[in-house]
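Take a moment to look over the sequence and the 3D view, and then we will go through them together.

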Amino acid sequence: MSTTHLTPLDSSKSSITIGIVGGGIGGVVTAIVLGRIGYTVHLFEQAANFAEIGAGISLGPNSLQALSLLSTALDTPILKNYEAVATIEEDNGLWFRFTKWDTQETVAEVHGKGRQSSVHRARLLESFLPLLPVTVTTHFSSKVTKVENLPSDKVLLHTSHPAATFEADVCIGCDGVKSAVRASLGLGGVVRYTGTYAYRGLLPIARTGEVARVPRMWMGPHKHVLTFPIEQGHTLNLVAFVSDHAAPADARTWSGPWVVPTTKDDMKKDFAGWDADVLEYLDLIEKPERWALHELVPLTTWTEGRITLLGDSAHASLPHNGAGAGQATEDAYVLAALLRRPECTNTNIDRFLQAYERVRLPRAARQQVWAVRSGEVYDLESPMGDDWARIGENLKERYRWIWEHDLEKDVEEAVEWLKKEGVVQ
Ligand SMILES: Cc1cc2nc3c(=O)[nH]c(=O)nc-3n(C[C@H](O)[C@H](O)[C@H](O)COP(=O)(O)OP(=O)(O)OC[C@H]3O[C@@H](n4cnc5c(N)ncnc54)[C@H](O)[C@@H]3O)c2cc1C
């Protein structure tokens, strides 16, 4: 893995200070790329250090494309560092073998053009941290409570513990689904319980059969289970979803913490009668957790003045397309490609934020809605019900628009708009 002391590419940007709120995958990638361009970046993270909770994550071909484009454009080994810790299926790799819930009968094998990959979240973040350039200052244990656009064209960030303020030229809220930045903007973001909770955990592959190395998803009534290997095939990541969609989408409620430790007995009770492999894996999970899954109702705008959003703060969704973090990397690519342009100055940077939102918001919002529909397919709640032949055909095409997307065209479109607005020539 490359450890570098990256220096700025464009010293003319250093007079512009960008406050990034949140040091998850979205915030860290954004800090790396904006710092590398040459902006003076201050990253505020409420935790005492960088840490990812949760277990494995899969990144599809579009995410790898975003990391690759960022690496090339900014001569920064983001993709290389990721590849050093990820489990990667080469071109046309298998995303999942989808099977019926109570047997191992295959419904579809879904491959994507381009590379599929999976990784332990903590390793992913660790692989990126050595790439934070000298232009990035991190503020840990710094919870941002509010941000505001000032008449002076500055942005004021308020932090607690200790209570302080920080002035920047731009603020990017990468602070996740419960975003304080989004709340400050008054954009009306509604976060709601999706009616689905998920058991998550890791287990040693050495204690399972060889078939565990194949990424698999079992689909059944109101539930589905997925497994894929991480840590170079040593560990199996498992997520088991349980849904109750009896109430309408805006009337589902959850009380209590979103993430709690759970027991093997609770998990096995929920999946009684499922395929023997599922029950065996549930029994092998070390430290299982139960997550109440919440989503952000798609926003109609996520930028106000010199403040914008990126990642889950802008478009948190159900994880059913395995695409949330991938969308954050796409956000980071488009934002960096625009803010890198020489025409972007402290006088017009707000227009570049608008251009970013214009191309990113519709695609991210589509993914949010698509994730709900994907869950319905897996849980046999879609109009296809349990028509397995139709489900199989649907799954083979279902993710193409997410994976086979032309990000460079998005940037071109954004630049066209900036030209029409007279911001760039
Ligand atoms: C069960 C499950 C499975 C998933 N699987 C996948 C998958 O396979 N593939 C995929 O691409 N995506 C997946 N996702 C989605 C993915 O986890 C998220 O989309 C991604 O982590 C979002 O990253 P982020 O940086 O935007 O937000 P977060 O990861 O939420 O990071 C936000 C950061 O901001 C910090 N923060 C929050 N508030 C403040 C504040 N006020 N001040 C300062 N700091 C603050 C937090 O401490 C945190 O570090 C899954 C999600 C779940 C729940």
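This is a predicted model: local features need pLDDT of at least 70, side-chain atom pairs count only at pLDDT 80 or more; totals for chains, interfaces and linings use all residues.

A polar contact is a pair of N or O atoms within 3.5 Å.

**Around the ligand**

- The shell around the ligand holds 32 residues, and those that come nearest are Glu45, Ser58, Arg121, Asp312 and Ala325.
- Ala325 also has a backbone N or O atom that lies 2.8 Å from an oxygen atom of the ligand.
- For Gly324, a backbone N or O atom lies 3.3 Å from an oxygen atom of the ligand.
- How much of the ligand does the protein bury? Taken alone, the ligand exposes 1,000 Å², and the protein buries 86% of that area.

**What builds the shell**

- Two or more residues of the shell come from each of these elements: the helices α1 (25–37) and α9 (324–339), and the strands β3 (56–59), β9 (143–149) and β18 (286–296).
- Sorted by class, the shell has 13 nonpolar residues, 12 polar ones and 7 charged ones.
- Where does the ligand lie relative to domain 1 and domain 2? It lies between them, because both domain 1 (11–89 + 116–190 + 297–393 + 406–420) and domain 2 (192–295) give residues to the shell.

**The sheet of 8 strands**

- Strands of a sheet pair through backbone hydrogen bonds, either parallel or antiparallel.
- Follow this open sheet of 8 strands in the order β6-β5-β14-β15-β16-β13-β18-β17, and you will find mixed pairing.
- At its edges are β6 (106–111) and β17 (259–261), each of which pairs on one side only.
- From one strand to the next, the twist averages 20°.
- Strand β5 (residues 94–100) and β6 run antiparallel and are joined by 5 bridges.
- To spot this pair of strands, look for Leu94, which stands opposite His111 in β6.

**The sheet of 6 strands**

- Another open sheet has 6 strands in the order β8-β2-β1-β12-β20-β19, with mixed pairing.
- Why is one side of β8 (136–139) and of β19 (303–304) left without a neighbour in the sheet? Both stand at the edges, and each has a single partner strand, so one side stays without a neighbour.
- Strand β2 (residues 40–44) runs parallel to β8, and 4 bridges join them.
- Val41 has Val136 as its bridge partner in β8.

Key: Residues are numbered from 1 along each chain as its sequence is written. Side-chain values use heavy atoms; hydrogens and water are left out. A residue is near a molecule or strand if one of its heavy atoms lies within 4 Å of it. A polar contact is a pair of N or O atoms within 3.5 Å; within protein, one must be able to donate a hydrogen and the other to accept it, and residues adjacent in sequence count only if both atoms are side-chain atoms. Accessible areas come from the Shrake-Rupley method with a 1.4 Å probe; for residues, only the protein chains shown count as cover. Ala, Val, Leu, Ile, Met, Phe, Trp, Tyr, Cys and Pro count as nonpolar, Asp, Glu, Lys and Arg as charged, and the others, Gly among them, as polar. Domain bounds come from an automatic or database domain assignment. Two strands pair if DSSP finds at least two bridges between them. Axes are lines fitted to C-alpha atoms, for helices over the stretch in contact, and angles run from 0 to 180 degrees between N-to-C directions.
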